Amino acid sequence: MKTKRMNPFKPTAGGEPPLLIGRNRVIRDFEKGLDNGVGAPGRIMLITGARGTGKTVMLTVLGDKARERGWEVLEETASSGLCERLVSELRTKEGLMDKLTIRPSVSFAGASVSLGEAELSPKRMPETLRKAMAARLDILEKRSSGLLISIDEAQAASMEDMIAIATAIQHQIRERRNIAIIFAGLPQMVSDLYNDEVITFLRRARLNVLSDVSLDEVRNAFSQTFADSQMTISDSQISVAADVTKGYPYMIQLVGYYIWDAADIRDSWVVTDEDVKNGIDEAHYDLDNAVCIPELQGLSKTDREYLEAMSQSDGPSATAEVARRMGKSAQYAATYRKRLLDAYVIRETERGEVDFAVPFLREYLRKKS
Ligand SMILES: Nc1ncnc2c1ncn2[C@@H]1O[C@H](COP(=O)(O)OP(=O)(O)OP(=O)(O)O)[C@@H](O)[C@H]1O
Ligand SMILES: [Mg+2]
C-alpha cells in the first residue's frame, strides 16, 4: 500500500492554494512598486473582490514579496481599534528598543505611557500614527529596509481610522519614506469611502479587482496539482471539474479537495467518474453553507423574492423585468433593489441592470426554488 499523502488543496479562508492561479499581474505590479523606489505607483494598492476571490491570500503573498526584500510587514485586519493596534505594533519589538537606546531615560518610557491615553484619542490619532510610522521608518531605513502595512477586511474600517491612516501614509510619501500600504476588502469599500481626505489619497492607489480566473488556467492548475500529488485523473475529468468552478477561486479549492478526497477515501490513486461526481456534490454543499446561506441570512422575505426573480435570468436582469416577475410596481421593487445593492448582494452592471454580486447565489436560489 502507498503511503498516505496530504490533500494538496486548501479550501479554507486565507489558506494558500497549491497554485495561485491568474494573479501574476497583481504580484508583478506590486513588486515593481517595491523595486522602483519611493513614489512608485504600486506602493499604494487597493485589492477588492467578492467573498472568496482570494484577497487575503494575495495579502499573504504580497507580504512575502516584501519580506523577501528585507522589508518589515505589519498585517492587520480592520475592526474597532485598528489604529491603536497599528501604533502599538509600530512601537513594539526592536522599534521600542532602538528608541530607548537613542533616549535611554526611564522617565522617557514612563512619560510615553502616561501620554498614551491622549495620544490615542480620535482627534490626535492621525498625528500619533504619523509619528509612530516615522519613528519606525527611521530605524528601518538605517538598515535599508522598508515598511509594508496591509489592512484586510478594509470595508469594515471606520471612517476615522481610514482618515488617520490616509493622512499618516500621505505624509510619509511626501517625505519620501520607504513605505507601502495595501488595503483589501469587499468592493463596497471603494464606494463607501466618499470622504475627501480618504478619496484624494485612494485616487493615487492602484486598484486591483480580483475576479474569476480563466478555465484554461483552472484546468492547468488541476492537472499539475493532481499530478504533483501522484493522483491520476483524466483530461475529461479535469475538464468537468474545472467547468463546475466557473473560475471562482474558493470553488476551485473545494472541488479539487473533494475529488481528491473521494479517491483517497477509497484508498485509490486513480480518480473515477464517481469520485468526480461525489466531489462536486460535496463542494457545492460546502459552498452553499460558507457563502450563499450566510449571505441570505440577514435578508427579509421580500429581499429574497427580489433575488429569486433575478435568478430566473442567466445573466443581468433589467430592473423593470424583476418588478414584473415579482408582480409588483417598479417603485416597490426599487426599495428592495436599493437594500440589496447596499448590502452588496447584488451590483449594478454598466448597462444599468442588476446582477448577483455573490458567487453562485443564482445557482443556489434556482436549486431551492
Ligand atoms: N489565485 C487563486 N488560485 C486558486 N485558489 C485561490 C486563489 N486565490 C484564493 N484561492 C483560494 O480561494 C479561497 C478563498 O481565498 P481568500 O480567503 O483569500 O479569499 P478572500 O477574498 O479573502 O475571501 P473573504 O472575502 O471571504 O475574506 C481559499 O481557499 C484559497 O486557497
Ligand atoms: Mg479574506
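Reply: Start with one pair. Glu-76 and Arg-85 join their side chains in a salt bridge, with N and O 3.0 Å apart. Keep in mind that this is a predicted model. Why can such a pair form at all? Side chains with opposite charges can pair when their charged atoms come close.

Glu-76 counts as buried, because its relative accessibility is 12% and the cut-off for buried is under 20%. Arg-85 has a relative accessibility of 26%, so this residue counts as partly exposed.

How many salt bridges does the structure hold? The count is 28. Let us look at some others.

Move on to Arg-219. One of its partners is Asp-216, and the closest N and O atoms of that salt bridge are 2.8 Å apart. Where do these two residues sit? Both are in helix H10, which covers residues 215–228. They are three residues apart there, so about one helical turn separates them. Asp-216 is partly exposed, at 49% relative accessibility. Arg-219 is partly exposed too, at 26%.

Arg-219 also forms a salt bridge with Asp-243. Here the closest N and O atoms are 3.7 Å apart. Asp-243 belongs to helix H11, residues 235–245, while Arg-219 belongs to helix H10. The pair therefore ties together parts that lie 24 residues apart in sequence. Asp-243 has a relative accessible area of 40%, so it counts as partly exposed.

Asp-216 and Arg-219 pair within helix H10. Asp-243 and Arg-219 pair between helix H11 and helix H10.

Glu-31, Asp-35 and Arg-69 form one network, joined by salt bridges that share partners.

What about links between cysteines? The structure holds zero disulfides. Cys-83 is buried, with 0% relative accessible area. Cys-292 is also buried, again at 0%.

Val-190, Leu-207 and Val-209 make up a nonpolar patch on the surface. Together they have about 240 Å² of accessible area. Val-190 is found in helix H8, residues 188–192. Its relative accessible area is 34%, so Val-190 is partly exposed.

Last, the ligand. How many residues surround ligand 1? There are 23, and the closest are Lys-10, Gly-14, Gly-15, Lys-55 and Thr-56. Some contacts go to the protein backbone. A polar backbone atom of Lys-10 is 2.6 Å from an oxygen atom of ligand 1. For Thr-53, a polar backbone atom is 3.3 Å from a ligand 1 oxygen atom. For Tyr-250, a backbone N or O atom is 3.4 Å from an oxygen atom of ligand 1. Taken alone, ligand 1 exposes 640 Å², and the protein buries 95% of that.

To recap the charged pairs: Glu-76 meets Arg-85, Asp-216 meets Arg-219, and Asp-243 meets Arg-219.

Terms used: Residues are numbered from 1 along each chain as its sequence is written. Chains are lettered from A and ligands numbered from 1 in the order in which they are written. This is a predicted model: local features need pLDDT of at least 70, side-chain atom pairs count only at pLDDT 80 or more; totals for chains, interfaces and linings use all residues. Side-chain values use heavy atoms; hydrogens and water are left out. A disulfide is a pair of cysteine sulfur atoms within 2.5 Å. Buried means under 20% relative accessible area, exposed over 50%, partly exposed in between (1.4 Å probe, protein chains only). Patches are made of residues with over 30% relative accessible area and no salt bridge: like charges are joined within 9 Å, nonpolar side chains (Val, Leu, Ile, Met, Phe, Trp, Tyr) within 5 Å. Accessible areas come from the Shrake-Rupley method with a 1.4 Å probe; for residues, only the protein chains shown count as cover. A salt bridge is a side-chain nitrogen of Lys or Arg within 4 Å of a carboxyl oxygen of Asp or Glu. Helices (H or I, at least four residues) and strands (E, at least two) are DSSP runs, numbered from the N terminus. A residue is near a molecule or strand if one of its heavy atoms lies within 4 Å of it. A polar contact is a pair of N or O atoms within 3.5 Å; within protein, one must be able to donate a hydrogen and the other to accept it, and residues adjacent in sequence count only if both atoms are side-chain atoms.
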